[in-house]
Amino acid sequence: MPRSTPPATVHDSLVLEPRDVRFDWSALPLHWIPDEPMATHTINVLHLLLPEGERWFVKVFKDALPLITDEQLREEVLGFIGQEAIHAEAHQEVLDHLLGQGLDPRPYVRQISWLFHRVLGDKPGLTPAQRRENTIERVAFVAAIEHFTAFLGNWALNSPGLDRAKADPTMLDLLRWHGAEEVEHRSVAYDLMVHLDPGYLRRVRGMAVSGPLLVHLWVRGARFMLAADPTLDGRIRPTWREARLIARRGLLPDPGRAVRSALRYFRPGYHPTQEGSSSQALAYLATSPAARAAATH
Ligand SMILES: [Fe+2]
Ligand SMILES: [Fe+2]
């Protein structure tokens with residue numbers, strides 16, 4: 001099947017380099033945005049979702065490799081797999097650190113693991129045609145989720161509120177290094193989906209399932225983290241009103257903007273390159289302490 005529209009916006013020279021970063025979490029405070037437990041834990045939901053989620057992306061993309069007939073796209077997919085595998089491990093280390101600080105994330109992570117392995121995992125007994133269809137459907141879910149990871153990455157790269165609030169610099173570097181790579185590779189999953197199925201319905205279905213699921217998981221995750229924080233005694237329950245107020249101070253992405261961004265995914269002429277800036281992402285990666293250290297070891 002030929003590579004599909006929209007050709008005008010597809011990269012012709014995207015070379016994705018997995019950067020083997022390391023972070024030292026030994027000095028990370030539990031509330032790494034000082035005195036902002038709700039903002040801290042709402043962002044911490046990333047660490048709950050991403051290790052399992054990104055390992056699943058890697059699995060889905062490996063399953064999709066034999067279906068790819070475009071050499072450049074295959075190279076991009078391989079680069080994407082390399083980057084996502086490192087992202088998953090970087091966030092896993094934060095989870096291990098939280099456990100050491102008395103906040104046990106494992107009950108929630110077990111639910112996420114069940115979701116990705118049992119609900120979205122391999123289905124036994126499929127015919128080759130059904131297996132191909134199942135792989136393409138999962139690629140469409142990844143493409144929709146990657147719209148959000150690029151949105152969040154773009155926000156992380158443009159979030160001076162976190163600096164003003166004196167957020168932990170190592171965590172900021174993790175968020176911005178990861179965010180920059182999400183912006184850098186934001187078109188790969190979408191281009192893969194369109195390569196395997198150019199139909200609009202596939203795109204719509206991917207977002208219609210992934211968008212509400214992601215919101216649900218995020219709200220549950222924030223509730224879980226605030227309840228599990230041993231220093232809070234369950235005193236803080238997250239609300240949308242509070243989230244909007246915190247977003248106004250620049251410590252969380254604005255929920256309304258996230259919804260409007262998701263709606264743009266349905267536009268007929270949509271392409272991920274219309275969101276975020278590759279040059280800004282690459283500029284951050286050139287100065288990121290972790291990415292620079294990775295380049296020298
Ligand atoms: Fe990632
Ligand atoms: Fe990604």
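## Helix 2 and helix 7

The axes of helix 2 (residues 71-100) and helix 7 (residues 188-196) cross at roughly 135° and come within 10 Å. Here helices are DSSP runs (H or I, at least four residues) numbered from the N terminus, and axes are lines fitted to C-alpha atoms over the stretch in contact, with angles from 0 to 180 degrees between N-to-C directions. The two helices, helix 2 and helix 7, are therefore oblique to each other; angles under 35 degrees count as roughly parallel, over 145 as roughly antiparallel, 65 to 115 as roughly perpendicular and the rest as oblique.

Which residues make the contact? Helix 2 brings Leu-73, Glu-76, Val-77 and Phe-80, while helix 7 brings Val-188, Asp-191, Leu-192 and His-195. Being in contact asks for C-beta atoms, placed from the backbone, within 7 Å.

## About the model

This is a predicted model, in which local features need pLDDT of at least 70 and side-chain atom pairs count only at 80 or more, while totals for chains, interfaces and linings use all residues. Residues are numbered from 1 along each chain as its sequence is written, and chains are lettered from A and ligands numbered from 1 in the order in which they are written.

## Leu-192 again

Let's follow one residue further. Leaving aside neighbours within four places in sequence, Leu-192 is in contact with Ala-64, Leu-73, Val-77 and Val-139.

## Helix 1 and helix 3

Now for another pair. Helix 1 (residues 37-64) and helix 3 (residues 106-119) have axes that come within 9 Å and cross at roughly 20°. Helix 1 and helix 3 are therefore roughly parallel to each other. Where they meet, Leu-48, Leu-49, Glu-52, Gly-53 and Trp-56 of helix 1 face Tyr-108, Val-109, Ile-112, Ser-113 and Phe-116 of helix 3.

Terms used: Contact = placed C-beta atoms within 7 Å.
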